[in-house]
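Q: Hi! Could you walk me through this model?
A: Happy to, here it comes.

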Amino acid sequence: MTRTVVRRLWRHAHLATLAGDDWGLVEDGALLAEDDRITWVGTDADLPAGLEVDNEHDLGGALLTPGLVDAHTHLVYAGDRTAEFDLRLQGASYEQIARAGGGIRHTVACTRAASDDDLFNGALARARALRDTGVTTLEVKSGYGLSLAHEARCLRVARRLGPATGLTVCTTALPAHALPPEFDGRPDDYIDAVVSWLPALHAEGLADAVDAFCDTIGFTPAQTRRVFDAARALGLPVKLHAEQLSDQGGAALAASYGALSADHLEWLSDDGIAAMKAAGTVAMLLPGAFYHLRETRLPPVAALRAAGVPVAVATDHNPGSSPALSLPLMMNMACTLFRLTPLEAWLGVTVHAAQALGLAERGRLQPGLRADLAAWSLDHPRELAARFGHDPCSAVVLGGIPCTP
Ligand code: DI6
Ligand code: FE
């Protein structure tokens, strides 16, 4: 039986392929996709003669890039935390609000009380908003359920987002995000519970990876290690919220488990950098949280660069520390606040972000890779990192299928 292959061709595009870890610019370029794969990239003039295609799109000189990868979000939740923004402006800290029972715990109460439909519709609107800014691959964490039933429910909601949006959605189990009230004063008992839940979440196919929050208001390195041991026993990759508010040695711990990424990293030490480099762990920078919490301690970008650790950038979308729904805005903040170059910001939301999800076949415009594309009303990709407060994405292509905002 012969299978029909759908061939789609994009012509007269200004390509930024990001191949070779450079811009990879191609003037008046063309890109061919067969089903969900890129099969040809080059100049329009070099297109093979007599090529027959099912669809042809003339981009009229628009910029065409790999679709963006948002590799750290907490998209599934209910409730509002903007009152905390007010409190912080009056002098309260994120940590004080969390210790007083607000913060993540407030969102947990709202999330547990919400219906499945409300959780899904809220997350769906956010996923569409991110897609409208050029995102084609999305990671979504649990972490606002904090019981087996509610964590599983949030991950099931996350699993529905891919089919509903066309996005590739990777899910991450984060039950070790905060201590739920029913375990007050008993964090080790809670970690026992988390360890006992992971096999059930895994058996239902709900998690592609396991994450934890290792910090003074989260869990200790020893507790984090127990969660990672349980993940490892199931063959699940790990990642970690590390060195966000203090240096707990979390990045080195994560690296010792071959973590896909260590995320936040404002307090990252030289030892942490060396361990990440040796393990191939991606440094996931989250400038939205840094900005929104008005943090002042900068992640050690120059040292990460010097060590050759791959750097990624994500929204960390969540209702408390980073209520952001634009990955291009995060690229701008990564440059202005953290001093990434525009090219580093681009690699951080494409190739390196894909690496942080364990996805080798996306993030560049190259034959063999997935046809996840974004078209922009821009002349040069660096404009996306330099400008902010605008929305220049004119279309995304999701595994070969065009989708116009
Ligand atoms: N660090 C963060 O920035 C998010 N989670 C975490 O561990 C914030 C989550 C929230 O405040 O709701
Ligand atoms: Fe986060």
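Q: What should I know before I start?
A: This is a predicted model, where local features need pLDDT of at least 70 and side-chain atom pairs count only at pLDDT 80 or more, while totals for chains, interfaces and linings use all residues. Residues are numbered from 1 along each chain as its sequence is written, chains are lettered from A and ligands numbered from 1 in the order in which they are written, and side-chain values use heavy atoms, with hydrogens and water left out.

Q: Great. Which protein donors does the iron ion (ligand 2) have?
A: His72 (NE2), His74 (NE2), His241 (NE2) and Asp316 (OD), lying 2.1 to 2.2 Å from the ion. Donors here are N, O and S atoms within 2.8 Å of the metal (3.2 Å for Na, K and Ca); water is not among the atoms, so sites may look incomplete.

Q: And why is the arrangement irregular?
A: Because the four donor atoms subtend angles of 84 to 168 degrees around the iron ion. Four donors count as tetrahedral if all angles lie between 85 and 135 degrees; four count as square planar and six as octahedral if opposite donors are over 155 degrees apart and all others between 65 and 115; anything else is irregular.

Q: Are His72 and Asp316 buried or exposed?
A: Both are buried, meaning under 20% relative accessible area (1.4 Å probe, protein chains only).

Q: Switching topic: which residues have the most contacts inside the largest nonpolar core?
A: Leu138, Leu340 and Trp376, in a core of 104 residues. Such a core is a set of buried Ala, Val, Leu, Ile, Met, Phe, Trp, Tyr and Cys residues joined through side-chain atoms within 4.5 Å.

Q: What does Leu138 touch?
A: Its neighbours include Asp70, Leu75, Leu130 and Cys170, not counting residues up to four places away in sequence. Contact means heavy atoms within 4.5 Å.

Q: How about helix α5, what does its buried side pack against?
A: The buried residues of α5 pack against α3 (104–113), α4 (116–132), β7 (135–141), β8 (168–176), α6 and β15 (393–398). Helices (H or I, at least four residues) and strands (E, at least two) are DSSP runs, numbered from the N terminus. Just after α5, Gly166 takes a positive phi of about 85 degrees.

Q: Last one: which domains are assigned?
A: Domain 1 (7–66 + 363–403) and domain 2 (68–356), with bounds from an automatic or database domain assignment. Their centres, taken over C-alpha atoms, are 30 Å apart, and the contact takes 26 residues from domain 1 and 23 residues from domain 2.

Conventions:
Buried < 20%, exposed > 50% of the residue type's maximum accessible area, 1.4 Å probe, protein only.
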